[in-house]
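Hi,

Here is the structure for you to look over. My notes on its salt bridges follow below.

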Amino acid sequence: MSPDFVTPGSVRSAAEVNEEIRALWQRTGGTLSAEERAEYELLVVEWAAAVRGSVVRAA
């Protein structure tokens, strides 16, 4: 995965990141290679940050 695939401080919504996670799992048929696993882990971190950000803004 390229270093600029996930930009630190990304402003994508949790829904956008979640859709990308779903697409990754669908594209791979549910089995991740080491590279795909690294991509998944970065997406999960980005998703968690987006969820935390939306909870704070909504409060």
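Glutamate 46 counts as buried, because its relative accessibility is 8%, below the 20% cut-off. Keep in mind that this is a predicted model.

Glutamate 46 has a charged partner: it forms a salt bridge with arginine 12. The closest N and O atoms are 2.7 Å apart. This pair links distant parts of the chain. Glutamate 46 sits in helix α2 (residues 34-58), arginine 12 in the segment before α1 (14-28). They are 34 residues apart.

Arginine 12 has another contact. Its side chain also meets that of glutamate 20 in a salt bridge, at 2.4 Å from N to O. Arginine 12 itself counts as partly exposed, because its relative accessibility is 27%, which lies between the 20% and 50% cut-offs.

In total, the structure holds three salt bridges. One of them joins the side chains of glutamate 39 and arginine 27, at 3.5 Å from N to O. Glutamate 39 lies in helix α2 and arginine 27 in helix α1, so this pair ties together parts that are 12 residues apart in sequence.

Are these two residues buried or exposed? Glutamate 39 counts as buried, at 13% relative accessibility. Arginine 27 counts as exposed, at 54%.

Best wishes

Conventions:
Residues numbered from 1 in each chain as written. Predicted model: local features only at pLDDT ≥ 70, side-chain atom pairs only at ≥ 80, totals over all residues. Heavy atoms only, no water. Salt bridge = Lys/Arg side-chain N within 4 Å of Asp/Glu carboxyl O. Buried < 20%, exposed > 50% of the residue type's maximum accessible area, 1.4 Å probe, protein only. Helix = DSSP H or I, 4+ residues; strand = E, 2+ residues; numbered from the N terminus.
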